[in-house]
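Hi everyone, thanks for making time for this. Could you bring the model up on the screen while I talk you through it?

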Amino acid sequence: MVLLSRPRGYFGLPRDVVLLDGKEPADVKSGVPTDAVTTLRLSAAEAGRKVVGLFNEERIVARAWPASENRIAVAELTY
């Protein structure tokens, strides 16, 4: 499981470009920005691979960890 977090703001679609693993997240609503976190759930076979998060022109990479081991990865945008 990978979380992309923006604690000092919100993701606003279509105002912002938000991609997680190359796709626009389905859990970020369009219109008035209200979502600061998006979640990507991967299969157990995909654990250990890199996941790229993109917010406008800022790119961040996280490694996916298996939730079965009580692990999650948080990619946090801090500006």
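First, the ground rules. This is a predicted model, so to speak of local features we need pLDDT of at least 70, and side-chain atom pairs count only at pLDDT 80 or more, while totals for chains, interfaces and linings use all residues. Residues are numbered from 1 along each chain as its sequence is written, and side-chain values use heavy atoms, with hydrogens and water left out.

Let's start with the sheet that runs in the order β2-β4-β5: an open sheet of 3 strands with antiparallel pairing. Its edge strands are β2 (18-20) and β5 (58-63), each pairing on one side only. From one strand to the next, the twist averages 15°. For the record, strands here are DSSP runs of E of at least two residues, numbered from the N terminus, and two strands pair if DSSP finds at least two bridges between them. The angles come from axes fitted as lines to C-alpha atoms, and run from 0 to 180 degrees between N-to-C directions.

Now the individual pairings. β2 and β4 (residues 50-55) run antiparallel and are joined by 3 bridges, with L19 opposite L54 in β4. Between β4 and β5 there are 6 bridges, again antiparallel, and here V51 has A62 in β5 as its bridge partner. These two strands form a hairpin with 2 residues between them, and N56 in the turn has a positive phi of about 50°.

On to the other sheet, which is open too, with 3 strands in the order β3-β1-β6 and mixed pairing. β3 (37-40) and β6 (73-76) are at its edges with a single partner strand each, so one side of each has no neighbour in the sheet. Direction ignored, neighbouring strands are turned by 20° against each other on average. β1 and β3 pair in the antiparallel sense over 4 bridges, and L4 stands opposite T38 in β3.

Leaving out residues up to four places away in sequence, S5 touches F11, A36, V37, V74, A75, E76 and L77, where contact means heavy atoms within 4.5 Å.

Next is D16, in the loop between β1 (2-5) and β2. D16 is buried as well, with a relative accessible area of 9%. Which residues does D16 contact beyond its neighbours within four places in sequence? They are Y10, F11, F55 and N56.

For contrast, take K23 in the loop between β2 and β3. K23 is exposed, with a relative accessible area of 54%. K23 and L54 are 31 residues apart in sequence and 9.6 Å apart in space, C-alpha to C-alpha.

Thanks, and over to you for questions!

Notes: Buried means under 20% relative accessible area, exposed over 50%, partly exposed in between (1.4 Å probe, protein chains only).
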